[in-house]
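Student: Can we go through this structure together? I want to know what the labels rest on.

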Amino acid sequence: MGAMPEVIELNVGGTGYVVSLKTLLAEDGSWFQDAFGSGPDSAALPPHDSQGRYFIDRDGALFRHVLAYLRGPAAYALPTGGVLEREQLRQEAEHFRLAGLLELLTKSGPGCITVGYRGSFQFGRDGLADVKFRKITRLLVHGRVALCREVFGDTLNESRDPDHGAPDRYTARFFLKHVFIEQAFDMLQEQGFRMVGSCGSGTAGSVSENLKPGVDTEENRWNHYNEFVFMRD
């Protein structure tokens, strides 16, 4: 009776993978420990395909997330493909008995995110005095850190947040690297969020007498602040 090779070739639903045995056995209690942890003569091993690879009849595309989690659970980021992909990944995690991955999927499930902005309607120039353009200087994001990172990914700016880490904490200091509110709404919708409430300051008819140099008096009348609350069940 020999030992399992250190490098394992897999065929998962028609997709080929090469992974170390150490990675496959990384999580205690997993399906992989039962299948690959008892040696090459174990009856629990999956069958071979025509190329000699171990065949696992599961979703080949989603298996890359399973391996990414096994290779580094602490640094693993959940996929941003929407509710359907997350539900499919949850089913894979249940099949392979990956308790840590299931916990991550559960924790980052339901929740609320608030998007706010302070803006104005900028008046046109050069003969376009009757035209007003929406002007947004920054899109603010408030909510649970893990949820905000999941939804906005690389577009999330965390530079103003002093307490990095701890994904289960909440913050009101995130903002986006762009000022396209429709893009932010699209990203929230893709992740299964829906808007449940909004509020706004409206425009002001009064203007301070002590305006900063270069500030348009008429434009300042149209300053406003809006917030939009999104929720995922």
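Tutor: Gladly. Keep in mind that this is a predicted model. Start with Thr23, which is found in helix α1, residues 21–24.

Student: Why is Thr23 called buried?

Tutor: Compare two numbers. Buried means under 20% relative accessible area. Thr23 has 14%, so Thr23 is buried.

Student: What does Thr23 touch, not counting residues up to four places away in sequence?

Tutor: Thr23 touches Leu70 and Arg71. Contact here means heavy atoms within 4.5 Å.

Student: How far apart are the C-alpha atoms of Thr23 and Tyr69?

Tutor: They are separated by 9.6 Å. Along the chain, Thr23 and Tyr69 are 46 residues apart.

Student: Now His65. Where is its place?

Tutor: His65 sits in helix α3, residues 63–71.

Student: How do you know whether His65 is buried or exposed?

Tutor: Use the cut-off again. The relative accessible area of His65 is 8%, which is under 20%, so His65 is buried.

Student: Which residues is His65 in contact with, leaving aside neighbours within four places in sequence?

Tutor: Tyr76, Pro79, Glu85 and Leu89.

Student: What makes helix α6 largely enclosed by the rest of the structure?

Tutor: Count its residues. Helix α6 covers residues 145–152, and seven of the eight are buried, so the helix is largely enclosed.

Student: Which residues of α6 are buried?

Tutor: Val145, Ala146, Leu147, Cys148, Glu150, Val151 and Phe152.

Student: What comes just after α6?

Tutor: Gly153, which takes a positive phi of about 50°.

Terms used
Residues numbered from 1 in each chain as written. Predicted model: local features only at pLDDT ≥ 70, side-chain atom pairs only at ≥ 80, totals over all residues. Heavy atoms only, no water. Helix = DSSP H or I, 4+ residues; strand = E, 2+ residues; numbered from the N terminus. Buried < 20%, exposed > 50% of the residue type's maximum accessible area, 1.4 Å probe, protein only.
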